[in-house]
Amino acid sequence: MRPLTEEETRVMFEKIAKYIGENLQLLVDRPDGTYCFRLHNDRVYYVSEKILKLAANISGDKLVSLGTCFGKFTKTHKFRMVVHPCNSNSSGGLGRRIKFKPSLSNLARSQTTR
């Protein structure tokens with residue numbers, strides 16, 4: 001998981017601005033915390049920095065997703081946006097998800113029950 005490059009950020013924000021317009025500012029400046037965009041397996045995730053710090057100990061090959069997927073970059077470096085983030089911008093649970101591969105999920109459950 002890595003931050004987006006300047007070019008990737010520009011392409012992504014141009015695409016998102018076409019759909020949500022001026023409300024793009026609400027994604028960046030949120031009163032409930034700091035959120036950022038991260039790239040993992042050519043997919044762009046919108047995630048809280050608190051969750052990002054918690055997931056920093058997980059290796060990239062064990063991590064399936066983190067936060068809310070906003071879209072993906074194609075092989076030709078175009079950004080394809082998924083629909084569900086546009087519908088759930090006002091939801092409080094945006095960016096609070098971590099998904100593991102099954103082998104790591106069982107390990108995480110056993111550690112949290114202790």
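Accessible areas here come from the Shrake-Rupley method with a 1.4 Å probe, and for residues only the protein chains shown count as cover. With that in hand, the protein exposes about 7,600 Å², and carbon and sulfur atoms supply 52% of it.

Before I go on, a word on what we have. This is a predicted model, where local features need pLDDT of at least 70, side-chain atom pairs count only at pLDDT 80 or more, and totals for chains, interfaces and linings use all residues. Residues are numbered from 1 along each chain as its sequence is written, and side-chain values use heavy atoms, with hydrogens and water left out.

Okay, the overall layout. We've got five helices and seven strands; helices (H or I, at least four residues) and strands (E, at least two) are DSSP runs, numbered from the N terminus. Reading from the N terminus, the order goes β-α-α-β-β-α-β-β-β-α-β-α. Of the 114 residues, 35% count as buried; buried is under 20% relative accessible area, exposed is over 50%, and partly exposed is in between (1.4 Å probe, protein chains only). Now contacts, meaning heavy atoms within 4.5 Å. Take those between residues at least 6 apart in sequence, and 58% of them join residues at least 24 apart.

So what's inside? A nonpolar core is a set of buried Ala, Val, Leu, Ile, Met, Phe, Trp, Tyr and Cys residues joined through side-chain atoms within 4.5 Å. The largest one has 16 residues, and Met 12, Ile 16, Leu 27, Phe 37, Val 44, Phe 73 and Phe 79 touch the most other members. Two or more residues each come from α1, α2 (24-28), β2 (35-40), β3 (43-48), β5 (68-73) and β6 (79-81). Helix α1 gives the most, with four residues.

If you zoom in on Met 12 and skip its neighbours within four places in sequence, you'll find it in contact with Leu 4, Phe 37, Val 44, Phe 73 and Phe 79.

Staying with helix α1 (residues 6-20), have a look at Glu 8, which sits in that helix. Is Glu 8 buried or exposed? It counts as buried, because its relative accessibility is 16%. Its side chain makes a polar contact of 2.9 Å with that of Arg 2. By polar contact I mean a pair of N or O atoms within 3.5 Å; within protein, one must be able to donate a hydrogen and the other to accept it, and residues adjacent in sequence count only if both atoms are side-chain atoms. Not counting residues up to four places away, Glu 8 touches Arg 2, Leu 39 and Phe 73.

On to the rings. Searching the whole structure turns up six aromatic pairs: rings of Phe, Tyr and Trp (its six-membered ring) pair if their centres lie within 6.5 Å, with planes under 30 degrees apart called stacked, over 60 edge-to-face and the rest tilted. Tyr 35 and Tyr 46 are a stacked pair, 5.3 Å centre to centre with 20° between the planes. Tyr 35 is in strand β2 and Tyr 46 in strand β3, so the pair ties together parts 11 residues apart in sequence. Both Tyr 35 and Tyr 46 are buried.

Last stop: the loop between β2 and β3, where Asn 41 lies. Asn 41 has a positive phi, near 55°, without being a glycine. Asn 41 counts as exposed, because its relative accessibility is 61%.
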